[in-house]
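Please study the structure below and work through the exercises that follow it. Each task is followed by its solution in steps.

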Amino acid sequence: MTRISEEQVRHVAHLARLAVTDEEVHTFTEQLDAIITFAEQLNELDTSNVKPTSHVLNMKNVLRKDESAPGLDREDVLKNAPDQQDGQIRVPSIIE
């Protein structure tokens, strides 16, 4: 017995604005039924002693402290610029 009908697959495809053939509808119906069957197998597991998690690995915030620091010297930066004008790097215009 399938848990999802071909009509439901057509309805979801319509909502997603997807054009599907009859063959694709049949294939997707079988695939989605297999996915639902697998998900139902997970309900049979005893998870009463499993703590809820948001990630499988023990993660912590790895960001550095946000501190201001002096930037590069303007003259050193402009030495590497292919074109400069009035102390700024000059680039080609991209907006017409």
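The model is predicted: local features need pLDDT of at least 70, side-chain atom pairs count only at pLDDT 80 or more, and totals for chains, interfaces and linings use all residues. Residues are numbered from 1 along each chain as its sequence is written, and side-chain values use heavy atoms, with hydrogens and water left out.

**Exercise 1.** State how many salt bridges the structure holds, and describe the one between Asp22 and Arg10.

*Solution.* 
Step 1. A salt bridge is a side-chain nitrogen of Lys or Arg within 4 Å of a carboxyl oxygen of Asp or Glu.
Step 2. Six salt bridges are present in the structure.
Step 3. In the pair of Asp22 and Arg10, the closest N and O atoms are 3.0 Å apart.
Step 4. This pair links distant parts of the chain, with Asp22 in helix H2 and Arg10 in helix H1 (residues 6-15), 12 residues apart. Helices are DSSP runs (H or I, at least four residues), numbered from the N terminus.

**Exercise 2.** Locate the salt bridge of Asp76 and Lys79.

*Solution.* 
Step 1. The N to O distance of this salt bridge is 3.2 Å.
Step 2. Both residues, Asp76 and Lys79, lie in helix H3, three residues apart, about one turn of the helix.
Step 3. Lys79 is exposed because its relative accessible area is 64%.

Note on methods:
Helix = DSSP H or I, 4+ residues; strand = E, 2+ residues; numbered from the N terminus. Buried < 20%, exposed > 50% of the residue type's maximum accessible area, 1.4 Å probe, protein only.
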